Amino acid sequence: IIHPNLGRDEIDAMPDHVRNLRPSAWKVYTMYGPPTKYAPEGGWFLDDEEIGGPFLEQVLRCGGPRIVCSHKGLGGPVPSASVKSTSPRDVGPAAKAFPEISFIIYHSGYERNPYGEEGALDEANPTGVDRLVVSAREAGIGHDGNIYAELGRTWFRILRRPVEAGHGLGKLRREYCPKRGLWG
């Protein structure tokens with residue numbers, strides 16, 4: 001687990017982690033941390049110039065795994081209002097800027113809409129898992145791209161609502177499976 005928003009020491013320590021710990025991937029919580037220029041309510045984004053960019057550049061430089069696992073979605077009781085940095089809007093741009101890195105997105109960017117259920121894909125007004133799908137599409141990341149959708153917690157959240165489950169898993173399956181959909 002790396003917290004690149006808590007100081008340059010976190011990023012600078014990554015080569016030591018590679019030598020001493022031999023990680024399989026880098027795990028980050030973008031919703032965690034003090035306010036930044038890019039996320040005034042707290043946290044950070046994978047595509048911001050202050051934290052995300054330098055972190056991803058170090059992933060490429062440090063000689064370790066080129067896999068970044070990021071928690072996106074499940075931000076709070078109101079969709080993305082409590083912590084906007086849980087939004088996956090940054091995943092597509094980061095994946096496009098760093099095609100050598102594989103991005104595993106925990107929760108598939110899912111955010112429960114307290115006023116409705118996951119429905120058909122709505123690219124004009126994305127909610128739920130649509131946010132990850134739209135972020136990837138807008139960045140030109142296709143089915144065989146470097147974004148992977150993790151389904152475990154997402155499924156746990158929607159399995160009791162069959163219509164929402166059908167739409168959510170259907171969209172994720174169409175975009176990411178069989179090779180880019182993961183059960184975490």
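**View 1. Contacts of Ile-147 in the predicted model.** Ile-147 belongs to strand 4, residues 147-150.

**View 2. The largest nonpolar core.** This core has 35 residues. Phe-55, Phe-103 and Ile-147 are those with the most contacts inside it. Several elements each supply at least two of the core residues. Among the helices are helix 2 (14-21), helix 3 (52-61) and helix 4 (91-97). Helix 5 and helix 7 (162-176) contribute as well. The strands that do so are strand 1 (26-28), strand 3 and strand 4.

**View 3. Pairing of strand 1 with strand 2.** Strand 2 spans residues 67-71. The two strands run in the parallel sense and share 3 bridges. At Val-28, the bridge partner in strand 2 is Ser-70.

**View 4. Glu-111 in its loop.** Glu-111 sits in the loop between strand 3 (102-106) and helix 5 (130-138). Is this residue buried or exposed? Its relative accessibility is 3%, so Glu-111 counts as buried; the cut-off for buried is under 20%. The Glu-111 side chain makes a polar contact of 3.5 Å with the side chain of Thr-86.

Technical notes. Residues numbered from 1 in each chain as written. Predicted model: local features only at pLDDT ≥ 70, side-chain atom pairs only at ≥ 80, totals over all residues. Heavy atoms only, no water. Helix = DSSP H or I, 4+ residues; strand = E, 2+ residues; numbered from the N terminus. Buried < 20%, exposed > 50% of the residue type's maximum accessible area, 1.4 Å probe, protein only. Polar contact = N/O pair within 3.5 Å; in protein donor to acceptor, adjacent residues only side chain to side chain. Core = buried A, V, L, I, M, F, W, Y, C linked by side-chain atoms within 4.5 Å. Contact = heavy atoms within 4.5 Å. Pairing = 2+ DSSP bridges. Lists of a residue's contacts leave out its neighbours within four places in sequence.
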